[in-house]
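Biologist: Please take one part of this model and look at it closely. Then show me what lies around it, in plain steps.

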Amino acid sequence: MRPASETPAWYRDAKFGIMIHWGLYSVPGWAPLDDEVVRLLGAGLAEPVEPSTVDPLARHSYAEWYQNSYLLDGPTRAYHRRTYGDRPYADFRSEFTAAVRRWDPEPWAELCADAGARYVVPTTKHHDGYLLWPSTRPNPYLPHWQTRRDVIGELGAAVRGRGLRYGLYYSGGLDWTFGKLPIRRMVDVPASIPDSVEYARYADAHWHELIDRYRPSVLWNDIGYPPAGEPHRLIAAYRVAVPDGVVNDRFQVDECDVHTPEYARRAGIDPESWETVRALGLSFGWNRQETSDHLLTATDVVRLLADVVSKNGNLLLGVTPDDQGTVPGAQRAVLGEVGRWLAGHGEAIYGTRPWHTAEAVTTAGVPVRFTRRDDLLYGIVLGDPGPELCVPGLVLESDAQVRLVGPAAGTVLPVRAGPDGAVLAVGHLPPAPAHVFAVRPAPTGLRRGAAPGTS
């Protein structure tokens, strides 16, 4: 792992990215939701079984794992039989090919830009092995297992045309066209990585082609890499081709730039660069069962982003286009609201670095996250601060000024000394996912037990 100081500055400044999963799995677009597992097991299987006896991945909420899930006795198999009978997964290629012909990359790129994302990472190949670009290295077992249209290239042009960075996801560790299906438990995934030299050369060739053709700003590999592969040579070539490129840690080699935990948070400031990756809902691939009730709200996303950034991380948020390549309206609504918040408050997110302390709680019990930029400290209050705001131990310099960031940007707030620290006269603010206050000059830290009148 390279030190955070060596991680390319554009990435540390970007803070917010969007990951897009779209593929054959989007045609059935289905995975069990918690409240449906037992019902489907009872109604859909020939012999009902207790959930505890079902293979864990049969209950997987990730719809992009559909091909694996429907091979296991569980709710996805029950759904598949009821909906498609004995139709094989490969048959979904016909519907997906038709959707690709009609697909327009511009709405995706516009949505990402309007959401305030600074980089976009689409899937080029997921675990089912289907390619979203016309590769010169076709699948040896399914020669038409790729799009004729250059989905990856066209989306890249649209994304970069809006000034965003463009990274690429590739499932290096799993490719189910090379066998080893089904996978029953997550602990079995490492043993499911194809170990043949044939697959290693195949994956190497794809990554080199993606680098040469698209010059991605991020190599976002997944599920490790084939044992006979050459990730060290690959990454070395990438650093020559894209000097400010970022390599994630899922190649499982030392040359990575960023850790990428899934659905994870940090308790404190991580000295190394990291990126939490999670879907807006419960699945990275479209699940036709998900409603707005299963999604993070815009408030959830903003507060998650503030928490992650305060602890030296980025947020990579997954959106799930449907079987026609359209991002569902509920997801678009959330992203639009997030974008509006970032348009007014983004100076506390983009280009910032952690402060000495990541988080605190106001005397009224409202959580706060801190970021900094040069001599500015930003306090991101994750709720209604009330008419007065005090963070215990936050003692300001005698010449410090505090201004409101957002709709009333530039408003200087009166400050007085209180027994627990500086007290800001906030007044009544309109509802928002979070409120931001900028302090200049930034204090050196939180002073525990500060005496009254020292602010």
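**A close look at helix 8**

Modeller: Start with His-206, which sits in helix 8. Keep in mind that this is a predicted model. Is His-206 buried or exposed? Its relative accessible area is 0%. Buried means under 20%, so His-206 counts as buried.

What does His-206 touch, leaving out residues up to four places away in sequence? Its contacts are Leu-131, Trp-133, Ser-135, Arg-137 and Tyr-170. Take Trp-133 as one of these. His-206 and Trp-133 are 73 residues apart in sequence. Their C-alpha atoms are 10 Å apart in space.

Now step back to the helix. Helix 8 covers residues 197-214, which makes 18 residues. From first C-alpha to last, helix 8 reaches 26 Å. That is close to the 26 Å expected at 1.5 Å a residue.

Look at what follows helix 8. Arg-215 comes after the helix, and its phi is positive, near 45°. As background, most residues other than glycine have a negative phi, and most peptide bonds are trans.

The loop between strand 4 and helix 8 holds Pro-182. The peptide bond from Leu-181 to Pro-182 is cis, with omega near -5°.

Trp-207 is in contact with Phe-251. Phe-251 is found in the loop between strand 6 (246-247) and strand 7 (274-279). Phe-251 is buried, and its relative accessible area is 3%. Beyond its neighbours within four places in sequence, Phe-251 also meets Leu-219, Asn-221, Tyr-225, Pro-231, Leu-234 and Ile-235. Phe-251 and Tyr-169 are 82 residues apart along the chain. Their C-alpha atoms are separated by 12 Å.

Tyr-263 lies in that loop between strand 6 and strand 7 as well. Tyr-263 is partly exposed, with a relative accessible area of 33%. Its phi is positive, about 50°, although Tyr-263 is not a glycine.

How do helix 6 (residues 105-114) and helix 7 cross? Their axes come within 9 Å, at roughly 40°. That angle makes helix 6 oblique to helix 7. The crossing is right-handed. On the helix 6 side, the contact is made by Pro-105, Glu-106, Trp-108 and Ala-109. On the helix 7 side, the residues are Glu-154, Leu-155, Ala-158 and Val-159. By class, this contact has 6 nonpolar, no polar and 2 charged residues.

His-206 is buried in helix 8. Helix 7, in turn, crosses helix 6.

Key
Residues are numbered from 1 along each chain as its sequence is written. This is a predicted model: local features need pLDDT of at least 70, side-chain atom pairs count only at pLDDT 80 or more; totals for chains, interfaces and linings use all residues. Side-chain values use heavy atoms; hydrogens and water are left out. Helices (H or I, at least four residues) and strands (E, at least two) are DSSP runs, numbered from the N terminus. The expected span of a helix is 1.5 Å times one less than its number of residues. Axes are lines fitted to C-alpha atoms, for helices over the stretch in contact, and angles run from 0 to 180 degrees between N-to-C directions. Angles under 35 degrees count as roughly parallel, over 145 as roughly antiparallel, 65 to 115 as roughly perpendicular and the rest as oblique. A crossing is left-handed if the near helix is turned anticlockwise from the far one by less than a right angle, and right-handed if clockwise. Contact means heavy atoms within 4.5 Å. Ala, Val, Leu, Ile, Met, Phe, Trp, Tyr, Cys and Pro count as nonpolar, Asp, Glu, Lys and Arg as charged, and the others, Gly among them, as polar. Buried means under 20% relative accessible area, exposed over 50%, partly exposed in between (1.4 Å probe, protein chains only).
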